Amino acid sequence: MRAAFFNTLLDLAGRDERIHLVVGDLGFGVVEPFARRFPDRFLNAGVAEQNMTGVAAGLALCGKVVFTYSIGNFSTIRCLEQIRNDICYHRADVKIVSVGGGFAYGPLGMTHHALEDLAIMRVLPGMTVVAPGDPFEVEQATRAIVGQPGPCYLRLGRAGEPRIHRSSVVFELGRAIRVREGRALTIISSGGMLETGIRAAELLGEAGIDARVVSMHTLKPLDEAEILSAAAETGAIATLEEHSVIGGLGSAVAEVVAEAIGPRGRLKRLGVPSAFAPEVGSQEYLRAMYGLSPAAVFESLKSWL
Amino acid sequence: MTQGLDTKATRALARTVRRHVVQMTHRAKASHVGTSLSMAELLAVLYGGILRVDPSTRESLDRDRFVLSKGHGCAGLYAVLAERGFFPPSRLGEFYQDGTRMAGHVTHGGIPGVEVSTGALGHGLSIACGMALAGRRDRRPFRVFALLSDGECDEGATWEAALLAGHHRLDTLVAIIDYNKIQSLGTVKEVLDLEPLAQKWKAFGWEAREIDGHDIAEIHRALSEIPLAPGRPTCVVAHTVKGKGVSFMENDLLWHYRAPDATELARALAELDAEP
């Protein structure tokens, strides 16, 4: 996802002089091409994320489209008040990018586990929140958010996720992508859990359970119609996210379902409990620990149905 | 007389700002009268001739930007903007009132002339840095002035911005510190001493000058010489008196919170009118 983001950003910046990149002294090995090619539109603000965010707002208030970039929680909750007041209240055209959503930096410990970011960004007025599911969605999302003025949070996974979608898929902010059809239940995934959702659906299929899979790449605005269709047509929704079960995709879907006038179906939220991980480990290890491996998702959904 | 300075008119503007401020805070039963009074001369000099912006150029890409980082001093800013014709002075009656947009911390929405909304301290200098960077990249001639309180120099973000501005030699950026020596729960010296303040800014790569923040000629001289040193951002440490101009409000922490009642308002206006 990281490479897809930077390649797309380079392409966009080559055609749009408004685009600036402000980083918080992170991005070794990935920010250099932008810095070399657009030195007057690149700024390393140092290890100072509050200032990075305020500076980005100031640039945006002078007509720039500004990407801020850091890892984990540094570009979001470290500088939350600057995001709320300086960016959101001024409707500044700043795109906040974080790489390492969820447990991507699992071995680095709890400081680097980004598990509350989507909830916190989602509650901010005027903020668009995007967590793409594969490199294709990253590329499309990066293009789309530049075309839409105003604040945005773009949560990336790590490097090297597989591409899920074919090029013919249409990407639109706020419109979920139905990746697999099914009638028995719908797995709605956020961010990089898309691959897990598809694999779990394949395992369910082998067990005779026909699961639909939806990539909910945009958490805000949320594609409520797709959620209501899932409730009405499949009768059961499971949300799948590498994030706290509080405030993220599961909560967002629950809010829609709870207020639905038509059929609500059943809802199960799969994610990370609101607790600090008691152990460190690879992303794969920590996902499995919280029941987010394809096999664990398959087992829990099979027994739930 | 300093060149280009109409001392009499500027003094009159500062006095008018103070009159508005005590009236606004009285009507609204609002806090923060002292902080608006301490910066009246700074605002009068800025809007009386230093800032290259007026109601007709407030959307111009080349206008000077003014960022009131000490957003709680908004009564003073609203007042000077009204006096300079950005909106009618009658709108000052909206301050704090139900259904209006004139918030008790400076707010840009619906208030012509306000560049940036602040209120949480330590935000303004970062935004000002971004504006100065944009001006440099676009080769536009504007300067960016940020007015900070002494209290917000406690905020780490202020010093993050100071570090960046010095490093990037943002010499179109000016930070003015309204150093009135009183913050929320006591004097600056008691709460978190900032001294030596000017030296701190110098150590961060700025050119700093200490001035009497109520001496119109001295303010004008400093702000007419931007940058004070080529290649360096400018910091003007303006020594001021909290509550300046109203004897019973001066140097008294109470007036960070208390709004003048009718009797106090009358006394305050009488004192301001009696000023030479």
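Q: Which residue of β9(A) does Arg180(A) stand opposite?
A: Strands of a sheet pair through backbone hydrogen bonds, either parallel or antiparallel. In this predicted model, the residue of β9(A) opposite Arg180(A) is Val213(A). Strand β9, residues 211–215 of chain A, is joined to β7(A) by three bridges, and the two strands run antiparallel.

Q: In what order do the strands of that open sheet of chain A come, and which are the edge strands?
A: The order is β7-β9-β8-β11-β12 in chain A, five strands with mixed pairing. The edges are β7 (177–180) and β12 (266–272) of chain A, each of which pairs on one side only. From one strand to the next, the twist averages 25°. Helix α9 of chain A, residues 249–258, packs on this sheet and touches β8 (185–189), β11 (236–244) and β12 of chain A. The direction of α9(A) makes about 145° with that of β11(A).

Q: How is the pairing in the five-stranded open sheet of chain B, parallel or mixed?
A: The pairing there is parallel, and the strand order is β1-β2-β3-β7-β6 in chain B. Strands β1 (65–68) and β6 (207–212) of chain B are the edges, each pairing on one side only. The twist in this sheet averages 20° from one strand to the next.

Q: How many bridges join β3 to β7 in chain B, and what lies across β6 and β7?
A: Six bridges join β3 (residues 173–179) to β7 (residues 234–239) of chain B, and these strands run parallel. Within β7(B), Ala238(B) is the residue opposite Asp178(B). Helix α9 of chain B, residues 216–224, lies across β6 and β7 of chain B and runs at about 165° to β6(B).

Q: What are the angle and the axis distance for α1 and α6 of chain A?
A: Two packed helices are described by the angle between their axes and the distance between the axes. For α1 (residues 2–15) and α6 of chain A, the angle is about 35° and the axes are 8 Å apart. The crossing of α1(A) past α6(A) is right-handed. On the α1(A) side the contact is made by Ala4(A), Phe5(A), Thr8(A), Leu9(A) and Leu12(A). The α6(A) side supplies Pro135(A), Val138(A), Glu139(A), Thr142(A), Arg143(A) and Val146(A). By class, the residues of this contact are seven nonpolar, two polar and two charged.

Q: Why are α1(B) and α10(B) roughly antiparallel?
A: Helices α1 (residues 7–28) and α10 (residues 262–274) of chain B pack at about 180°, with axes 10 Å apart. Angles over 145 degrees count as roughly antiparallel, and α1(B) and α10(B) are therefore placed in that class. From α1(B), the contact uses Arg15(B), Arg18(B), Arg19(B), Val22(B), Gln23(B) and His26(B). Its partners on α10(B) are Leu265(B), Ala268(B), Leu269(B) and Leu272(B). Five residues of this contact are nonpolar, two are polar and three are charged.

Q: Where do the domains of chain A lie, and how many residues of each are in contact?
A: The domain assignment gives domain 1 as 2–156 and domain 2 as 177–304 of chain A. Their C-alpha centres lie 26 Å apart. In the contact, 25 residues of domain 1 of chain A meet 27 residues of domain 2 of chain A. On the domain 1 side, the elements giving two or more residues are α5 (117–122), β5 (128–130) and α6 (135–146) of chain A. That side consists of 13 nonpolar, seven polar and five charged residues.

Q: How many residues does each chain give to the contact between chain A and chain B, and which element gives the largest share on the side of chain B?
A: Chain B gives 18 residues and chain A gives 22 residues. Elements α5 (124–137) and α6 (156–167) of chain B each give two or more residues to the side that touches chain A. The largest share of that side, ten residues, comes from α5(B). The side of chain B divides into eleven nonpolar, five polar and two charged residues.

Methods: Residues are numbered from 1 along each chain as its sequence is written. Chains are lettered from A and ligands numbered from 1 in the order in which they are written. This is a predicted model: local features need pLDDT of at least 70, side-chain atom pairs count only at pLDDT 80 or more; totals for chains, interfaces and linings use all residues. Two strands pair if DSSP finds at least two bridges between them. Helices (H or I, at least four residues) and strands (E, at least two) are DSSP runs, numbered from the N terminus. Axes are lines fitted to C-alpha atoms, for helices over the stretch in contact, and angles run from 0 to 180 degrees between N-to-C directions. Two residues are in contact if their C-beta atoms, placed from the backbone, lie within 7 Å. Ala, Val, Leu, Ile, Met, Phe, Trp, Tyr, Cys and Pro count as nonpolar, Asp, Glu, Lys and Arg as charged, and the others, Gly among them, as polar. Domain bounds come from an automatic or database domain assignment. A crossing is left-handed if the near helix is turned anticlockwise from the far one by less than a right angle, and right-handed if clockwise. Angles under 35 degrees count as roughly parallel, over 145 as roughly antiparallel, 65 to 115 as roughly perpendicular and the rest as oblique.
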